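Hi,

Here is the structure I said I would pass on.

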Amino acid sequence: MNPFWSMSASSGRKVGPGDDDGCGQDTICIRDRGGPVTFTRPPSGFSSPGFPLEKQRSDGEEKTATGDGKASPPRTAPKKQLPSIPKNALPISKPTSPAPAAPPTNGTHAAYGPFYLEYSLLAEFTLLVKQKLPGVYVQPSYHSALVWFGVIFIRHGLYQDGVFKFTVYIPDNYPDGDCPRLVFDIPVFHPLVDPSSGELDVKRAFAKWRRNHNHIWQVLMYARRVFYKIDTASPLHPEAAVLYEKDVHLFKSKVVDSVKLCTARLFEQPKIEDPYAISFSPWNPSIHDEAREKMLTQKKKPEEQHNKSVHVAGLSWVKPGSVQPFSKEEKTGTT
Amino acid sequence: MERMNWLSRLASRGPGHRVTQGASLQTPVVADPETCLMVFKNHWSQVVRILERQGPRVAPGGADDLSAVRNHTYQMLTLLAEDHAVPSAPNAPGPLLEFALHEDLLSRVLAWQLQWDELGDGVEERRAEQLKLFEMLVSESRQPLLRHGPVREALLTLLDACGRPVPSSPALDDGLVLLLSQLCVCLAREPSLLEFFLQPPPEPGAAPRLLLFSRLVPFVHREGTLGQQARDALLLLMALSAGSPTVGRYIADHSYFCPVLATGLSALYSSLPRKIEVPGDDWHCLRREDWLGVPALALFMSSLEFCNAVIQVAHPLVQKQLVDYIHNGFLVPVMGPALHKTSVEEMIASTAYLELFLRSISEPALLRTFLRFLLLHRHDTHTILDTLVARIGSNSRLCMVSLSLFRTLLNLSCEDVLLQLVLRYLVPCNHVMLSQKPAVRDVDLYGRAADKFLSLIPRCCRHCAPSPPRPEHASWARGGPSRESGRREDITGPGSPSVDSSSVVTVPRPSTPSRLALFLRQQSLGGSESPAPAPRSPGLASSPASSPGRRPSPAEEPGPFMAVLFAKLENMLQNSVYVNFLLTGLVAQLACHPQPLLRSFLLNTNMVFQPSVKSLLQVLGSVKNKIESFAASQEDFPALLSKAKKYLIARGKLDWAEGPAAGPTPRRSDSLVKSRRPSLGELLLRHAHSPTRARQAVQLVHQPGRDSTGLGLGGGSPGASTPALPPRGGATERPGEALRVKNAVYCAVIFPEFLKELAAISQAHAVTSPFLLDTSEEGNVPPVSGFGPLNP
């Protein structure tokens with residue numbers, strides 16, 4: 001069993017209870033070399049294992065990154081080639097913003113450029129995990145830190161029941177380059193999704209990628225939001241935009257078709273061959289029941305682990321609010 | 001930790017296996033119960049005949065009576081030990097026991113025998129015999145004897161008699177302690193019986209008695225197996241007392257147990273060597289193998305461990321009392337003055353002892369007392385801590401043991417320690433410019449700090465590295481390391497920063513997964529080890545002396561501890577290689593703390609400090625310059641550097657070959673610190689005290705070249721572990737000059753590694769801190785929140 005998944009299973013995160021309305025039981029099967037491991041998204045109210053990057057967010061909070069989308073010409077060129085893998089040539093990270101005392105990037109330490117990039121992505125990924133975006137699951141590629149696989153579950157609204165797989169491509173000069181790209185495996189019928197390449201128009205939300213201000217989790221949050229709040233301005237898919245404006249009924253039925261199509265093709269092999277690519281398989285009790293059981297019982301664990309880790313954390317006799325050592329009353333040993 | 005095993009081992013020992021042993025011996029003699037009872041009664045009737053005569057005073061025939069009773073008693077008790085309940089009434093006493101209880105046999109025999117004591121002859125011998133007989137009975141009996149009042153009465157009579165002035169003898173002591181420990185083992189199985197052994201005060205106002213306990217106390221500091229046995233038994237009693245308020249109160253109020261233990265520590269401490277014979281010039285702390293060979297120290301350590309164990313299991317009243325006595329009876333009057341002796345040798349010894357003690361104790365209550373003493377107790381006018389901090393600035397050996405002490409202190413992961421050493425100076429934020437305060441929380445996501453640190457690697461240290469086999473990077477590049485390695489080697493020298501292979505070692509790699517994937521897998525392997533959100537305990541968030549208006553005074557220092565570490569660091573070129581190992585290790589240890597204030601102070605290279613405050617970056621910059629100008633002045637610098645590297649690498653290999661078992665291990669796991677690969681310093685100092693190791697390493701280096709000229713010369717003391725470097729141009733140098741060169745060259749090896757370590761740590765922070773700081777990024781959160789227990 002891929003330990004990666006056992007990890008994610010043990011770090012159960014909350015599924016927003018309200019988010020589950022009207023969705024059936026999603027079964028995800030992640031295939032690894034060692035054999036498939038499954039997780040199930042349980043009915044509402046359970047902690048969701050797997051790699052749930054979920055967080056309950058009110059729609060109001062989601063407004064943050066919208067609005068500044070500039071009109072970008074619809075792109076039609078297919079963008080299906082593999083992501084550009086970072087060349088061994090050292091990606092020199094030149095700060096674009098005038099940074100005080102920017103270090104010279106030549107010499108020995110420039111050789112460490114790839115490390116900086118990789119650690120930046122690690123940090124971005126941990127930030128993403130922290131966000132717990134509802135219905136969004138992401139896993140980085142086995143081969144490249146610059147490619148992340150994901151799947152998004154839409155739980156209500158026009159796209160309800162949609163299960164859309166996607167891939168995030170991060171530029172190799174991150175964070176100083178363009179914004180990451182997000183490409184759906186199957187082009188979803190949506191004004192902002194290129195009908196031939198499946199690429200989502202991310203640029204409109206991140207006209208200029210600003211290090212320290214923009215983070216990859218924002219891209220994913222944006223990707224989730226476009227399905228709940230339809231924006232038709234300067235679309236990548238003009239037909240969809242027009243339909244939405246002029247004939248919502250037809251638009252809806254097209255969306256339903258698109259959702260059905262995606263669901264029908266759910267069990268297909270992942271588009272990119274990668275041990276960590278996300279793949280689905282039909283429910284198989286001999287494999288999935290056990291995994292499901294395990295996930296459901298893991299719910300209580302985090303608290304125990306929490307307590308345990310708190311116990312080993314260290315010693316403190318400082319009274320909260322004080323900066324005096326031993327200000328806490330008498331022996332309450334560990335914190 | 002160990003103590004609990006100790007306890008359970010004890011409890012499982014005893015009658016259990018003694019019975020089987022006894023049974024196997026006795027099987028041949030097993031007769032039917034009725035015959036046994038008949039024989040038993042027969043012995044008893046003969047004894048009764050003697051007992052009923054008028055006392056032992058009659059001289060003629062007296063001795064014969066005594067020996068007859070002795071023989072009969074022996075026979076009876078042997079039979080009694082074999083007695084067991086009849087199957088029809090499994091809970092009732094067996095037939096022999098029932099008869100003995102009815103006749104009050106044990107007490108009557110004992111009382112008669114004790115009368116002879118007044119005559120003065122053979123008391124000691126008789127007492128030893130009685131103890132042995134009763135011990136046999138208690139340990140081999142097949143039924144719960146102690147449930148019966150008459151048996152307890154007899155035992156108490158015997159224990160009482162053991163307090164009368166009889167010349168103490170080893171045999172008597174052995175017998176007494178053995179009997180007592182057998183009784184304790186029995187009680188551990190039936191704790192409720194303990195209170196029956198507590199005798200009410202003989203008269204109003206007097207103290208109650210618990211002979212079981214008070215007879216053991218005098219043996220608590222004994223050496224050897226006797227002492228160990230007594231301590232084991234006492235520990236069992238302590239554990240039992242935890243569940244019995246009466247007994248707990250008795251021990252605290254009516255026994256001298258706690259003062260005896262604490263003053264015992266003082267007495268034992270005073271017999272410790274005042275001076276430690278130092279095994280090598282890299283020696284800086286007492287390892288187990290060091291102190292096991294010093295009987296006085298071994299004895300002290302077993303007493304200290306005993307105190308620790310007692311505190312772990314005893315009743316809270318006892319725990320509190322013992323802790324107080326240790327503070328007032330040992331630490332303040334003995335340890336305090338010892339640390340302030342005027343001779344350097346004695347300072348070194350007492351510091352090393354203190355470090356050993358701190359490393360050995362584990363109970364929070366005991367640690368608290370030690371730390372309280374260190375942090376708050378004032379000897380003369382200074383706190384102990386101040387004195388110890390100042391000693392970091394002293395010369396070689398004292399500096400090293402002091403650094404080692406602080407390493408141990410920091411390993412405790414104690415908020416109070418860190419607060420007192422560093423944080424209280426940082427909390428007001430007077431060290432940063434006003435406008436910079438919000439930046440204290442900033443996390444360096446893109447490796448800017450790492451880049452800055454790495455840029456400080458002196459140019460002269462970059463080339464000609466006989467680099468260790470480069471750990472194959474887990475590269476995200478498809479082509480794997482093969483493509484890059486060729487071209488990067490020449491620029492980089494020794495490859496990757498110190499930390500990256502740590503993420504690789506534990507995980508078998510099928511091909512070349514991205515390090516991100518590796519990291520995640522490792523997280524998952526670690527399971528619960530993923531840093532838990534640190535609860536922010538002290539509500540510093542709200543408290544920091546919000547001093548936006550206050551003007552910082554001109555000489556605002558980040559505290560004496562930081563000041564002395566920085567001063568020492570600035571002096572790196574002159575420090576011995578071992579001082580530098582410890583020193584850089586300590587700074588790295590501090591930098592690992594996921595505490596925003598500390599992290600920003602040490603690692604945020606963009607931070608603008610008040611002009612009076614020196615930053616780590618400035619200090620490192622000045623070292624860089626010194627190394628560069630030294631290298632420029634030393635024509636054969638590259639050769640010397642390469643030689644020093646070879647030596648250290650060879651030595652490191654030896655250490656790794658022996659496995660990472662040795663060395664003081666931190667008690668508590670600290671996932672960040674733990675996940676960090678040991679610093680080069682730790683790596684090289686492992687086992688470093690062994691001179692053979694140093695010699696081996698030297699040979700390893702010199703074998704190919706055979707250039708023995710390099711060995712003898714230089715500033716190292718004989719048997720020193722760093723080889724002297726070859727003289728310049730064959731000319732003989734003044735020893736002082738050779739030492740200066742040697743230290744500087746080794747410094748030039750360590751310094752880049754230290755920078756890599758700092759770079760790696762700052763990157764690790766970027767990855768882990770989102771988990772630690774459960775804060776929203778928006779808003780004007782005061783900079784110090786998230787100040788929880790300092791470790792994840």
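Let me begin with E753(B), which is partly exposed at a relative accessible area of 21%. Keep in mind throughout that this is a predicted model. The partner of E753(B) is K756(B): the two form a salt bridge, with 3.2 Å between the closest N and O atoms. K756(B) counts as buried, at 3% relative accessibility. Both residues sit in helix 35 (residues 735-772) of chain B, and because they are three residues apart there, about one helical turn separates them.

That pair is one of 23 salt bridges found over all chains when the whole structure is searched. Here are some others I looked at.

E129(B) and R70(B) also meet through their side chains, in a salt bridge of 2.8 Å from N to O. E129(B) belongs to helix 7 (residues 123-140) of chain B and R70(B) to helix 4 (residues 62-82) of chain B, so this contact ties together parts that lie 59 residues apart in sequence. How accessible are the two ends? E129(B) is partly exposed, with a relative accessible area of 28%, and R70(B) is partly exposed too, with 41%.

Then there is R126(B), whose side chain meets that of D117(B) in a salt bridge, 3.3 Å from N to O. Buried or exposed? R126(B) counts as buried at 11% relative accessibility, and D117(B) is buried as well, with a relative accessible area of 13%.

Over in chain A, D201(A), R204(A) and D231(A) are linked in a network of salt bridges.

Now for a sheet in chain A. Four strands make up an open sheet there, in the order 5-6-7-8, with antiparallel pairing. Strand 5 (136-140) and strand 8 (181-184) of chain A are at the edges with a single partner strand each, so each has one side without a neighbour in the sheet. On average, neighbouring strands are turned by 25° against each other, direction ignored.

Inside that order, strand 6 (residues 147-153) and strand 7 (residues 163-169) of chain A run antiparallel and are joined by seven bridges.

Cheers

Note on methods. Residues are numbered from 1 along each chain as its sequence is written. Chains are lettered from A and ligands numbered from 1 in the order in which they are written. This is a predicted model: local features need pLDDT of at least 70, side-chain atom pairs count only at pLDDT 80 or more; totals for chains, interfaces and linings use all residues. Side-chain values use heavy atoms; hydrogens and water are left out. A salt bridge is a side-chain nitrogen of Lys or Arg within 4 Å of a carboxyl oxygen of Asp or Glu. Helices (H or I, at least four residues) and strands (E, at least two) are DSSP runs, numbered from the N terminus. Buried means under 20% relative accessible area, exposed over 50%, partly exposed in between (1.4 Å probe, protein chains only). Two strands pair if DSSP finds at least two bridges between them. Axes are lines fitted to C-alpha atoms, for helices over the stretch in contact, and angles run from 0 to 180 degrees between N-to-C directions.
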